[in-house]
Amino acid sequence: MAGSREVKRRIKSVENTKQITRTMELVATSKLKRATDRVHAARPYSEALHEIVSGLYSPELSEKYPILRRPEETKRAAILLLTANRGLCGGFNSNLIKEARNLMDDLRRRGIETELHIAGKKGVAYFRFRGEPILTSRIDVSDHPTVQDAESIVGPIRDRFENGDVDAVYLVSSKFKSVMSTPPHTRDLLPIQADGGASSAAVYILTPSGDLILERILPAYIRNAVYTALVENAAAEQGARRSAMKSATDNAGDVLEHLTRTYNRARQAQITQEIAEIVGGSAALE
Amino acid sequence: MASLRVRVVSPDRIVFEGEAASVVAPAWDGQVGILPGHAPMLALIGSGELSVDRPGGGSDTFHVAGGVLKVERNAVTLLTEYAGTEPPAEIPASARVFVEDLED
């Protein structure tokens with residue numbers, strides 16, 4: 001029967017798909033484990049550095065060092081968008097792209113020029129397709145982002161801020177709250193956001209001096225914000241891929257069940273019909 | 001005698017965490033020694049050897065490059081661009097800014 005052969009072929013194809021999505025789910029799970037380990041390993045440095053920077057920071061220093069400058073009005077802003085290099089991870093990339101688009105539209109409505117810096121093939125592909133100029137694009141950041149990756153991504157943008165080419169820098173990436181919750185998130189990278197609890201600086205022996213220490217560690221502070229974002233983004237990507245592949249695998253299971261049932265029903269119908277024909281035939285002979 | 005709680009942290013991991021009787025770190029202008037009871041301090045770190053003396057004798061040596069050292073209530077935290085048991089093959093560019101032009 002032609003119908004049941006067709007169904008059989010579809011069963012085979014869905015089985016293959018299921019096997020692939022299942023494998024991808026398992027791969028994402030093991031990568032997710034390593035990626036979350038890296039997220040946790042990066043935290044002590046961030047926390048300690050943040051503490052030191054907030055302790056040393058005071059708004060008066062902004063005149064002295066370009067990296068601390070606080071432009072009175074923002075004429076041009078840079079958006080640094082981090083996406084994944086690969087798809088098949090549900091809404092992960094499109095959520096990030098949407099966040100960046102909203103930010104861009106919002107800034108433009110307020111009369112602020114924008115420029116785009118993107119790390120991640122998916123973001124680059126989208127904005128290139130839309131015809132938006134991209135100032136720097138990076139597609140070579142692996143699943144295991146390094147401090148050097150972060151430095152090479154943010155270094156040129158930091159220089160642009162220091163030279164006064166841009167007055168603000170926004171970072172769009174996924175916040176890794178937990179494996180299940182990784183919302184896209186916009187962070188103000190520059191001008192520096194610090195609480196300036198300068199009180200603690202008073203009791204420390206500062207060598208060479210508070211200003212100089214701050215000036216030297218600020219580039220690392222900015223770099224570290226990007227490094228943390230890269231690491232969290234990589235973990236969020238694997239988490240998103242795992243759940244996308246899990247639902248694809250579950251879905252394939254449902255489809256398989258339905259198809260198997262259709263196939264069995266067709267087979268049963270055929271057998272019943274054959275028996276009826278035999279019984280009918282022998283009845284006619286008598 | 002009180003001992004120091006020492007943490008050596010690089011951006012991607014904690015390189016060392018433990019108790020120490022004393023620490024000698026390569027500050028921007030030369031070696032700086034820290035014993036228990038040291039006053040609170042923040043210092044820029046250049047590149048060189050960091051040695052951590054264990055309370056029971058013996059010591060660990062690390063190579064660090066660029067960063068900042070914080071001492072507070074017998075807790076020593078060293079944030080550094082590079083830390084390892086081997087000297088870095090090449091001092092990272094991000095570590096170089098910590099030491100250059102500081103003499104002016």
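I began with a definition: a polar contact is a pair of N or O atoms within 3.5 Å; within protein, one must be able to donate a hydrogen and the other to accept it, and residues adjacent in sequence count only if both atoms are side-chain atoms. By that rule I found nine residue pairs in polar contact across the interface of chain A and chain B, both residues at pLDDT 80 or more.

Ground rules next. The model is predicted, so I noted that local features need pLDDT of at least 70 and side-chain atom pairs count only at pLDDT 80 or more, while totals for chains, interfaces and linings use all residues. Residues are numbered from 1 along each chain as its sequence is written, chains are lettered from A and ligands numbered from 1 in the order in which they are written, and side-chain values use heavy atoms, with hydrogens and water left out.

**Entry: the interface**

I looked up the contacts (heavy atoms within 4.5 Å): 25 residues of chain A touch 30 residues of chain B. The buried area, meaning the accessible area (1.4 Å probe) that two parts lose on being put together, summed over both, is about 2300 Å² between chain A and chain B. Carbon and sulfur atoms give 68% of that area. On the chain A side, A:Y45, A:Y204 and A:R216 lose the most area to chain B, together 31% of what that side buries.

How many salt bridges cross between chain A and chain B? I found two, taking a side-chain nitrogen of Lys or Arg within 4 Å of a carboxyl oxygen of Asp or Glu. B:K70 pairs with A:E51 in a salt bridge, with 2.5 Å between the closest N and O atoms.

Then I asked which elements do the touching. Helices (H or I, at least four residues) and strands (E, at least two) are DSSP runs, numbered from the N terminus. α1 (2–56), α4 (147–162), β6 (205–207) and α6 (210–285) of chain A each supply at least two residues of the side that touches chain B. α1(A) gives the most, with nine residues. By class, I have 19 nonpolar, two polar and four charged residues on this side of chain A; Ala, Val, Leu, Ile, Met, Phe, Trp, Tyr, Cys and Pro count as nonpolar, Asp, Glu, Lys and Arg as charged, and the others, Gly among them, as polar.

**Entry: strands**

Two strands pair if DSSP finds at least two bridges between them. β6(A) is joined to β5 (residues 41–53) of chain B by three bridges, and the two run parallel. Here A:T207 stands opposite B:A43.

Four bridges join β2 (residues 113–119) of chain A to β3(A) in parallel, and A:H117 has A:T136 as its bridge partner in β3(A).

I looked for cis peptide bonds. One runs from A:L190 to A:P191, with omega near -5°, and A:P191 lies in the loop between β5 and α5 (199–203) of chain A. Another joins A:T207 and A:P208, with omega about 5°; A:P208 sits in the loop between β6 and α6 of chain A.
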